[in-house]
Amino acid sequence: MKMLLTKNQGQIFRSFPKGCYISSICKKFSSSCNGPSEVDGKVVFSADGVDKKIPRNNEGIRKGVDDVCCILESGPWGPTLENSLSALGEKPLPELVIGVLKRLKDANTAVNYFQWAEKQTEKVHCPEAYNSLLMVMARNTEFDHLERILEEMSLSGFGPSSNISIELVANCVKSRKLREAFDIIQTMRKFKFRPAFSAYTILIGALSEVREPDPMLILFHQMQELGYEVNVHLFTTLIRVFAREGRVDAALSLLDEMKSNSLDADIVLYNVCIDCFGKAGKVDMSWKFFHEMKSHGLMPDDVTYTSMIGVLCKANRLDEAVELFEQLEQNRKVPCAYAYNTMIMGYGSAGKFDEAYGLLERQKAKGSIPSVIAYNCILTCLGKKRRVEEALRIFEEMKRDAVPNVPTYNILIDMLCREGKLNAALEIRDDMERAGLFPNVLTVNIMIDRLCKAQKLEEACSIFEGMDDKVCTPNAVTFSSLIDGLGKCGRVDDAYRLYEKMLDCGHVPGAIVYTSLIRSFFKCGRKEDGHKIYKEMVHTGCSPDLTLINTYMDCVFKAGETEKGRALFREINAHGFIPDARSYSILIHGLVKAGLANETYELFYAMKEQGCVLDTHAYNAVIDGFCKSGKVNKAYQLLEEMKVKGHPPTVVTYGSVIDGLAKIDRLDEAYMLFEEAKSNGIKLNVVVYSSLIDGFGKVGRIDEAYLIMEELMQKGLTPNVYTWNCLLDALVKAEEINEALICFQSMKDLKCPPNQITYSILINGLCRVRKFNKAFVFWQEMQKLGLKPNTITYTTMISGLAKAGNILEASGLFSRFKANGGIPDSASYNAMIEGLSSANKAMDAYALFEETRLKGCNIHAKTCVVLLDALHKAECLEQAAIVGAVLKETAKSQHASRSF
């Protein structure tokens, strides 16, 4: 059972919240169990000297203490101070040492004096002196020398007193140093000392406040090992924390252990189990506890009923909650206000406001005036349902029964800001002040956060600037909300200045602030500043959370820094986190965009092995990766798996698989999936339609491509330039050039500006049907629009002009292309050689012939024949002989190839 409960002891402590409040706790656990110390398994009685006073009649000792303390307070410890102590001329007696230690405030000075006194007397200090030294450490919560002092005490055969062990732990708890308190108890255990019962219970109670179940359980089992009698209250404390953390099995194991110890559960424990197990989603288990307590002779009280009603309401089991509420109300003269508030909240959460109002009236009829809490419950639910006008009416009505408090006004301000009704929210704030209540920092945070989300930055900044430091000082949440709002609206410099102001005000930015700044800088294209923010965060000692690392990794991949993105994914484990579904989604998506889709398969199975539960985004990323890497069948399987696992495929899912199928010519399957998506109510976008148009067009199914385009436009969608290009390319490849020109005109009529690919497609198509002059017109039009032709467009146009006999234009274009760094292909060279030969420029053609050979480009036999004829006419016999030789070699290689 202990193994079950302590399964996560590799990392016992989490980071405690800075502002966590540790109250005085666990007095109910304290008992007479505080016993003597234990050394090496034997009980030894230690002097509890810290409570003793220096005898008032011993003036000599008192004067000696004053003299020593005066010297110790005169400066830092060193040879000069030691000489001054030696000059007093008296050996430090135990009474003197104890008196001095009780007066000292600095732990290091106390340790130095303690060691000096031992050297002077050449005797081991008495137990009371050791306990006095430990008391100084406890008061100052400075424990650098604690382990050594405890070791000395262990070797001397005595240990710290019970009161001292309690003081050591209690002072750490008061200073919120829970880790140090835990370490103190473990150090005492290391030297076989027996920490006091109250030392354990104080620390267990403090750890319960910050929900740290694992160290609590370790301490609990240590108490049992030492023979302390653990009671029902201790079991209740542990069970509550484990259940609240969702570790239901561990909580049940503790419950079984308690029963095996012959301890009977009391009503407090049953109430805790009903509440905590219910909140963990174990409603049936809460019901079991409710009925079990009755069978054990315990009658449910108001807390029991209220907890069970609350659990049922949150689980949307309203009928059962109502039935239980009626049981509570039966034969009851004074209504239970807490139960009424819980039931009203349940009705409101379910949107049954008439029933909630009826319950208010019923409470009044029974002579109980509804409290402000009841009205706040209704207002909260109305706000969630966005019924603002109704909420304002209830607010006016509540004033007859209850006085609105600060949370009431905050609820109203929140819902008004969410609806963008800033003026109304400010009026409520003014009403609040007229009622003698002043907006707290929560009020301001609500307004700033909601205004930022509504992109009303000026109003949010105005409220921030108007904060009166004497009444309401901005906290870390205030700064975080405004920094995030400014960043999302592109005002990154203002966001960074606010971050600097936050530092100046003494607030420590958390991971949320750094996440917002990193995202904002990358989104604005300032990736170097984004990297600096991350480095600054590391430098300040702020630990990133998984959300921050995921966000940073996503930004890095989108900025094209693939290897940096990979490194950040590896860094997740280095920070003690386990990559989640979003981490893998970001990595896979980034690699796919970088052309590394083949890695999807390996990453997908790494997710599976890790036990990562895929959400819709993760499925979409993996499916897209499989489609891009040619594993369309696997993508199809995952699409079906999504449906089974309760993740309805989205337009992104269908779009990826349809595109993958279309690219490998499985068009009938792609179209069936297209129809399935429509029947499932998925609103398909232009991208999906374009994939089908492209697929049908490439295999020559022009009519189907047209039908898809027609449906797209009937759905009210506007084809983008990619869609038009897919259709134009299909028409050009089918040599339907006139139809392509009509489409091109339709494209311009629909205000879709052509791009360089559009013109390249048309120029290529016109050249294929030998309409070179028309192609040149499009070339010139393209140039006027400032569009830069790509290599294919250049080579197509050069070949077209040359074949059309417009050799002057072709030569100029050819020269410009090479001057701009372009590399002509074999078709361009052959066309230019033939064009120059036909224009009786035999030697220019021959020069280009030699250049073609040097470049390693293939020279066609027809080109050689045309050039040879031109050279003979120009009587360039030497050059003709070389061309003839090349022609023979070309003919031989072609003949050999055919024979083979």
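Which residue forms a salt bridge with Lys 818, and how far apart are the closest N and O atoms? I looked this up in a predicted model, and the partner is Glu 851, with the closest N and O atoms 3.1 Å apart.

**Entry 1: Lys 818 and Glu 851.** I noted that this pair links distant parts of the chain, 33 residues apart. Lys 818 lies in helix H45, and Glu 851 lies in helix H47, which covers residues 842–855. I then checked accessibility. Lys 818 counts as partly exposed at 31% relative accessibility, and Glu 851 is partly exposed at 22%.

**Entry 2: H44 and H45.** The axes of H44 (residues 791–803) and H45 (residues 807–819) come within 8 Å and cross at roughly 155°. Angles over 145 degrees count as roughly antiparallel, so H44 is roughly antiparallel to H45. The crossing of H44 past H45 is left-handed. I listed the residues in contact: H44 contributes Thr 791, Tyr 794, Thr 795, Met 797, Ile 798, Leu 801 and Ala 802, and these meet Ile 807, Glu 809, Ala 810, Leu 813, Phe 814 and Phe 817 in H45. By class, this contact has 10 nonpolar, 2 polar and 1 charged residues.

**Entry 3: H33 and H34.** I examined a further helix pair. H33 (residues 600–610) and H34 (residues 616–628) pack at an angle of about 150°, with their axes 9 Å apart. These two helices are therefore roughly antiparallel to each other. H33 passes H34 in a left-handed crossing. On the H33 side I found Thr 600, Tyr 601, Phe 604 and Met 607, which meet Ala 618, Val 622, Gly 625 and Phe 626 in H34. The residues of this contact divide into 6 nonpolar, 2 polar and no charged.

**Entry 4: Salt bridges elsewhere.** I searched the whole structure and recorded 56 salt bridges. One of them joins Glu 419 to Arg 386, with the closest N and O atoms 2.6 Å apart. Glu 419 sits in the loop between H22 (406–418) and H23 (422–434), and Arg 386 in the loop between H20 (372–384) and H21 (388–398), 33 residues apart. Glu 419 is partly exposed at 30% relative accessibility, whereas Arg 386 is exposed at 57%.

I also found Glu 389 bridged to Lys 421, with the closest N and O atoms 3.2 Å apart. Glu 389 is in H21 and Lys 421 in the loop between H22 and H23, 32 residues apart. Glu 389 is exposed at 53%, and Lys 421 is partly exposed at 34%.

Finally, I recorded a network of salt bridges that links Asp 414, Arg 418, Asp 449, Arg 450 and Lys 453.

Notes. Residues are numbered from 1 along each chain as its sequence is written. This is a predicted model: local features need pLDDT of at least 70, side-chain atom pairs count only at pLDDT 80 or more; totals for chains, interfaces and linings use all residues. Side-chain values use heavy atoms; hydrogens and water are left out. Axes are lines fitted to C-alpha atoms, for helices over the stretch in contact, and angles run from 0 to 180 degrees between N-to-C directions. Helices (H or I, at least four residues) and strands (E, at least two) are DSSP runs, numbered from the N terminus. Angles under 35 degrees count as roughly parallel, over 145 as roughly antiparallel, 65 to 115 as roughly perpendicular and the rest as oblique. A crossing is left-handed if the near helix is turned anticlockwise from the far one by less than a right angle, and right-handed if clockwise. Contact means heavy atoms within 4.5 Å. Ala, Val, Leu, Ile, Met, Phe, Trp, Tyr, Cys and Pro count as nonpolar, Asp, Glu, Lys and Arg as charged, and the others, Gly among them, as polar. A salt bridge is a side-chain nitrogen of Lys or Arg within 4 Å of a carboxyl oxygen of Asp or Glu. Buried means under 20% relative accessible area, exposed over 50%, partly exposed in between (1.4 Å probe, protein chains only).
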